[in-house]
Amino acid sequence: MNPVRSSDKSMVQDMLLEFNGVNPILIARDALHEHDTEVRVHPCDWKGDCRMHIPVELKQVSKHLKQHHGISTSATSGDTQKITCLWTGCLDTHTKPGNISRHVLTQHLGVRWICSKCGSSLSREDAFRRHSLESLSCQSAEVVVDYGDESQVIDLVYIDGGWSASQNVMLI
């Protein structure tokens, strides 16, 4: 790692902390490639010590768990042992590696798919699709996604040079 670059990051992080009075929202720069104007993020609470925020999408949760916590999230992984979820406060000890990302997304980030016709709250997108096909009164329903209480929208337009003082965001 380039020491100058590392000290630059520390300087920006310290500046954002001083300016806003709270630690900045840290987001992996490569997690934003698929977003043009805004991204919805949620703080990661894996082991209680992760300072990153994760884009609230299954693919990004999977990528974060693999890159930052060394968790294989592949459903076809040779590792068929069930793993323990290390999200602070979680008691789930029987999750397959291929299901851990979905578990985090729905159980810890609080993402729900809501039926616009009947108000049913479903934990997965495929469950909403099945619901809208099987329930006659909901066949023309639209999905309303609830992203949970702790998620927040980051406006990418205001991120300049990898950080935004007004949003207290830093890309790493």
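Predicted model: local features only at pLDDT ≥ 70, side-chain atom pairs only at ≥ 80, totals over all residues.
Q: What describes two packed helices?

A: Two packed helices are described by the distance between their axes and by the angle at which those axes are set to each other. In this structure, helix 2 (residues 58-69) and helix 3 (residues 100-108) have axes that come within 9 Å and cross at roughly 115°.

Q: Is the crossing of helix 2 and helix 3 left-handed or right-handed?

A: The crossing in which helix 2 passes helix 3 is right-handed.

Q: Which residues in helix 2 and helix 3 meet?

A: From helix 2, the residues are Leu58, Val61, Ser62 and Leu65; they meet Ile100, Ser101, Arg102, Val104 and Leu105 of helix 3.

Q: How many salt bridges does the structure hold?

A: A salt bridge is identified by a side-chain nitrogen of Lys or Arg within 4 Å of a carboxyl oxygen of Asp or Glu. The structure holds three salt bridges.

Q: With which residue does lysine 63 form a salt bridge, and what do the two tie together?

A: The partner of lysine 63 is aspartate 30, and the closest N and O atoms of the pair are 3.4 Å apart. Lysine 63 is partly exposed, at 28% relative accessibility. Aspartate 30 is also partly exposed, with a relative accessible area of 29%.

Q: Which side chain meets that of lysine 59 in a salt bridge?

A: The side chain of glutamate 34 meets that of lysine 59, at 2.3 Å from N to O. This pair links distant parts of the chain, 25 residues apart: lysine 59 belongs to helix 2, and glutamate 34 to the loop between strand 1 and strand 2.

Q: Are lysine 59 and glutamate 34 buried or exposed?

A: A residue counts as exposed when its relative accessible area is over 50%. Lysine 59 has 52% relative accessibility and therefore counts as exposed. Glutamate 34 is exposed as well, with a relative accessible area of 51%.

Q: Which side chain meets that of aspartate 126 in a salt bridge?

A: Aspartate 126 is joined with arginine 124, their side chains meeting at 2.8 Å from N to O. Aspartate 126 counts as partly exposed at 28% relative accessibility, and arginine 124 counts as partly exposed at 26%.

Technical notes
Residues numbered from 1 in each chain as written. Heavy atoms only, no water. Axes fitted to C-alpha atoms, helices over the stretch in contact; angles between N-to-C directions. Helix = DSSP H or I, 4+ residues; strand = E, 2+ residues; numbered from the N terminus. Left-handed = near helix turned anticlockwise from the far one by under 90°. Contact = heavy atoms within 4.5 Å. Buried < 20%, exposed > 50% of the residue type's maximum accessible area, 1.4 Å probe, protein only.
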